[in-house]
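Keep the sequence and the 3D view side by side as you read.

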Amino acid sequence: MGSFLARWRRGGDESDPAQHVAKVLAGDRAAAERLVDRLLPTIQKRVAWVLARGGKPRRDDVLDHAQDVLLRLFERDYRILRTWDPSRGAALETFVAMVAERHVIASLRSGRKSAWREDPTLDVERELGAGEADLERQLGNKDLLEQILTRLESELTPRSRELFRALFVDEQPIDDVASRFGMSSNAVYTWSSRLRTRVQALSRELSAERVAEST
Amino acid sequence: MSGDEMHELGERARRREAEREAYLASDEAAELIAPPSAEERQRLLRAVLPPARADAHGARRSPWTWAVGGLAFAAATAAVVVLSLPTPALPSYSVRVDSIGYSEVRGEPAPTDGSAKVAVGMAFEVVLQPAESFRGALAARVVIDTEGRVAPLAWSPELASTGAVRFRGEIGREVMLPLGRSRLGFVVGAPSAVEAWTPGAGDDPGRAVLWLAVEVVP
């Protein structure tokens with residue numbers, strides 16, 4: 001009874017993520033606050049994990065980055081949140097975790113701790129000390145495959161990461177992936193070939209950096 | 001990289017997921033992922049949701065004030081700032097590209113002439129960074145110079161309370177750039193000085209004009 005009343009007060013069943021997001025996109029401020037409550041644990045976990053790979057993060061850092069991720073999802077009329085499509089199979093939390101991970105890695109890559117800096121001159125100092133090698137060290141990557149994986153995580157869009165996961169982590173057949181993502185098998189194959197090419201390029205690039213660093 | 005190596009990459013991704021789960025179950029992570037206090041939650045909500053409904057008391061001010069409220073809102077805000085504050089001097093600005101470039105994605109050497117090489121469909125982010133914080137009324141716009149012909153470019157800026165300005169969008173969608181080489185001119189400064197700028201206009205202490213060469217490939 002209590003849960004029915006709660007649903008009635010909210011004007012819809014927010015236990016369904018698609019309905020919850022639809023209410024937010026329609027401009028329901030209270031639903032947006034509840035969406036923050038819903039997504040924050042996922043974002044905190046993913047941010048903490050990425051930051052912990054490079055050292056011991058503080059809670060303030062985690063919350064600052066989490067705030068940035070939420071802003072990223074909501075800004076420009078929820079532009080990024082709108083790209084989540086439940087029919088493609090990824091849970092809302094999975095999608096948001098990917099956005100969070102990509103955002104934090106990109107932020108570390110650019111040398112920005114967070115978009116919340118008040119002193120714009122700090123930017124320059126941070127950028128001077130934030131090359132790719134620094135990033136790899138920050139993320140504690142020891143071998144080439146780890147480095148390639150980290151680079152891919154920062155470069156691929158959430159949809160591309162879902163494709164990567166389906167093809168190479170879950171090892172689903174191309175036809176199944178094509179059907180799930182609403183693509184032709186040829187398109188999935190072409191995407192997969194492009195990814196291999198990119199991975200090859202990353203492998204060469206990172207190997208050269210290692211040689212340069214060791215000399 | 002062979003199929004086996006792609007398989008190994010997938011295997012590595014699986015292992016990383018297992019490590020992540022183990023870390024998140026550890027005592028070390030417990031404090032970091034604990035639910036926010038009431039104060040932390042309020043601060044987050046004020047920062048990420050539209051300010052019209054937010055309680056401003058004790059809020060942590062967001063540095064990025066989205067320029068999505070329309071011209072009327074911007075004009076009203078500027079008018080309030082102009083009426084209530086003396087006009088501070090505009091600091092010097094630098095321009096930088098914050099998005100990943102085409103060359104990085106393709107593993108090619110980056111352009112050495114300071115230009116940006118981008119492809120249709122890529123995210124493109126340009127930041128105008130002040131040498132020091134600037135709290136005065138600010139506006140920005142972009143023009144495109146194609147073979148000496150300068151025209152306005154429809155690309156909305158995001159203004160930060162620090163005076164930084166950010167332009168973001170996807171090439172071919174929010175940012176309509178022609179294929180090939182062109183120059184983008186970013187005009188930033190006091191709203192009236194930005195509005196008054198024309199390609200032949202001289203220097204004005206109230207504005208800065210920064211140029212960025214770009215090459216767009218299909």
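**From one valine to the cores**

Leaving aside residues up to four places away in sequence, A:Val36 touches A:Leu70, B:Leu44, B:Leu45 and B:Val48, where contact means C-beta atoms, placed from the backbone, within 7 Å. The model is predicted, so local features need pLDDT of at least 70 and side-chain atom pairs count only at pLDDT 80 or more, while totals for chains, interfaces and linings use all residues. Residues are numbered from 1 along each chain as its sequence is written, and chains are lettered from A and ligands numbered from 1 in the order in which they are written.

A:Val36 belongs to the largest nonpolar core, which has 42 residues; A:Val36, A:Ile43, A:Val47, A:Ala48 and A:Leu70 touch the most other members. Such a core is a set of buried Ala, Val, Leu, Ile, Met, Phe, Trp, Tyr and Cys residues joined through C-beta atoms within 7 Å, buried meaning that 20 or more other C-beta atoms lie within 10 Å of a residue's own. With 13 residues, α3(A) gives the most to this core. A second, separate core of 32 residues includes B:Val95, B:Ala160, B:Leu177 and B:Ala208.

Now turn to the sheet in chain B. Five strands form an open sheet with mixed pairing, in the order β3-β10-β9-β5-β6; strands are DSSP runs of E, at least two residues, numbered from the N terminus, and they pair if DSSP finds at least two bridges between them. At the edges lie β3 (116-119) and β6 (149-153) of chain B, each pairing on one side only. Within the sheet, β5 (residues 139-146) and β9 (residues 180-189) of chain B run antiparallel, joined by seven bridges.

Definitions and conventions:
Helix = DSSP H or I, 4+ residues; strand = E, 2+ residues; numbered from the N terminus. Buried ≥ 20, exposed ≤ 12 C-beta atoms within 10 Å, placed from the backbone. Contact = placed C-beta atoms within 7 Å.
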